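Let's take a walk through this model, one stop at a time. Have the sequence and the 3D view open side by side as you read.

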Amino acid sequence: MEKAHKLHPQTIAAQALGEICPVTGAVIPPVQLATTFARDKNYQQRDGREYIRDTSPTVEQAEKIICALEKGEDALMFPSGLSACTAAFHTLKQGDHIVIAQTLYHGVTHWAQEFSEHYGLSVSQFDATDPDSLKQVIQPGKTKIVWLEILANPTWVVADVGAIAAIAHQAGALLGVDATVTTPVLCQPLDLGADLVAHAATKYLNGHSDVLAGLLICKQAGTETWQRICDYRKLAGPMPGARDAYQLIRGMKTVYLRVQKQSDNALVVAKMLEKHPAVEQVYYPGLPSSPYHSLVNKQLQGGFGGMLSILVKGGKDEAIKVATSTHIWKPATSLGGVESLIEHRKTSEGNITDTPDNLLRLSTGIEHIDDLMGDLNQALSTIL
Ligand SMILES: *Cc1c(COP(=O)(O)O)cnc(C)c1O
């Protein structure tokens, strides 16, 4: 691990930390599927292992890789992105307060709405594009966690992580950043001031739309909060399976190549859509015309990510007409896979958000740019 930190992240990811099987030399370490581990002749555990819900060698491998890429002190894998995002909230006590961004992955907002009262937590929201709005709602000593996305679903508004971290820390709160969309390829939230980083590894880290998984990484492993999160996974039991961990490890090997290509494709698509007569608005912070362009440039390196959204001219009917007229862009939810997706976001989010009815969310894949553009052009022309 020490040595790995000195290598470039592209090398760490491609080699999955360079581990080989100590017995056979296989360049892919074996996947450990056993759920239970035999004790030795003295009835002692070997290698500290007993049962798979507590420690899983293949899950640990996935955790070590993301920990190195995020430059954290420890990481935990969860069976879904949402279970990783909400893990820290489960460690809070009655009377604690959390602050979440107004524009946020709807699943986290929904959890807060449905369960915070149940756990005796109070919840406030703030506008993550305006750090001062956090000052209005934060309660020093009582607020334990502030939660946001750097590029926030589904309008890709941008949060100034450093400024928000300073306000959170002054009040004694931790800052948690859901970095699913930026990935370690584009941004290192721990360096910017975050204390916890979460990933829906289902998305870019796996990258092939075939694993449900989450990851949570901490800046400091010795804190009470992190120890409580470790206890929570152990005692409540959200431990992922080894097969999913293996598939995630394989996916992470190519994340740098994929996200680079997806970012490049998305920027070209966004520039085309900005000029398209059927499009009212493009949300993509990589566009020089975006109000967030300079802030995003300050925090991201190498690209602006593969996610963008558009408002089509018209309403829900026109948006759905476009999403059902594409052939290459598949009309599906989720994001971050190598294949491009287009989605009527309001249909997925339901009424808990104020996402406009004419918004389509696009997850750009790695296909040839001409095919992506041609397909969008013909689909948009159906509403002109
Ligand atoms: C998908 C997603 C999640 C939830 O992840 P799951 O793996 O679907 O549970 C959380 N945050 C963001 C930003 C996401 O896109």
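Start inside the protein, at Asn-265, which is buried because its relative accessible area is 3% (buried means under 20% relative accessible area, exposed over 50%, and partly exposed in between, with a 1.4 Å probe and protein chains only). Asn-265 belongs to helix H11, residues 255-274; helices (H or I, at least four residues) and strands (E, at least two) are DSSP runs, numbered from the N terminus. Its side chain reaches the backbone oxygen of Gly-365 at 3.1 Å. If you skip the neighbours within four places in sequence, Asn-265 is in contact with Thr-364, Gly-365, Ile-366, Glu-367, Ile-369 and Leu-372, contact being heavy atoms within 4.5 Å.

A quick word on the ground rules. This is a predicted model, where local features need pLDDT of at least 70 and side-chain atom pairs count only at pLDDT 80 or more, while totals for chains, interfaces and linings use all residues. Residues are numbered from 1 along each chain as its sequence is written, and side-chain values use heavy atoms, with hydrogens and water left out.

Now zoom out. The chain is divided into domain 1 (2-252) and domain 2 (256-383), with bounds that come from an automatic or database domain assignment.

On a 1 Å grid over the protein atoms alone, a pocket is an open set of points with protein on both sides within 12 Å along at least five of seven lines, a cavity is a set where a 1.4 Å probe fits but cannot get out, and lining residues have an atom within 4 Å of a point. Grid points are joined across faces, edges and corners, and a volume is the space filled by probe spheres set on the points.

How many cavities of 30 Å³ or more does a search of the whole structure find? There is 1. Helix H2 (57-70) and helix H10 (242-252) are the elements that give two or more residues to the lining of the largest cavity, whose volume is about 90 Å³. That lining divides into 7 nonpolar, 3 polar and 2 charged residues.

For another buried stretch, look at helix H4 (residues 106-115), where His-106, Gly-107, Val-108, Thr-109, Trp-111 and Ala-112 are buried. Their cover includes helix H3 (81-87), strand S2 (97-101) and helix H14 (345-349).

Most residues other than glycine have a negative phi, and most peptide bonds are trans. Tyr-43, though not a glycine, has a positive phi of about 60°, and it counts as exposed because its relative accessibility is 61%. Ser-209 also isn't a glycine, yet its phi is positive at about 50°. The peptide bond from Asn-153 to Pro-154 is cis, with omega near -10°.

Technical notes. A polar contact is a pair of N or O atoms within 3.5 Å; within protein, one must be able to donate a hydrogen and the other to accept it, and residues adjacent in sequence count only if both atoms are side-chain atoms. Ala, Val, Leu, Ile, Met, Phe, Trp, Tyr, Cys and Pro count as nonpolar, Asp, Glu, Lys and Arg as charged, and the others, Gly among them, as polar.
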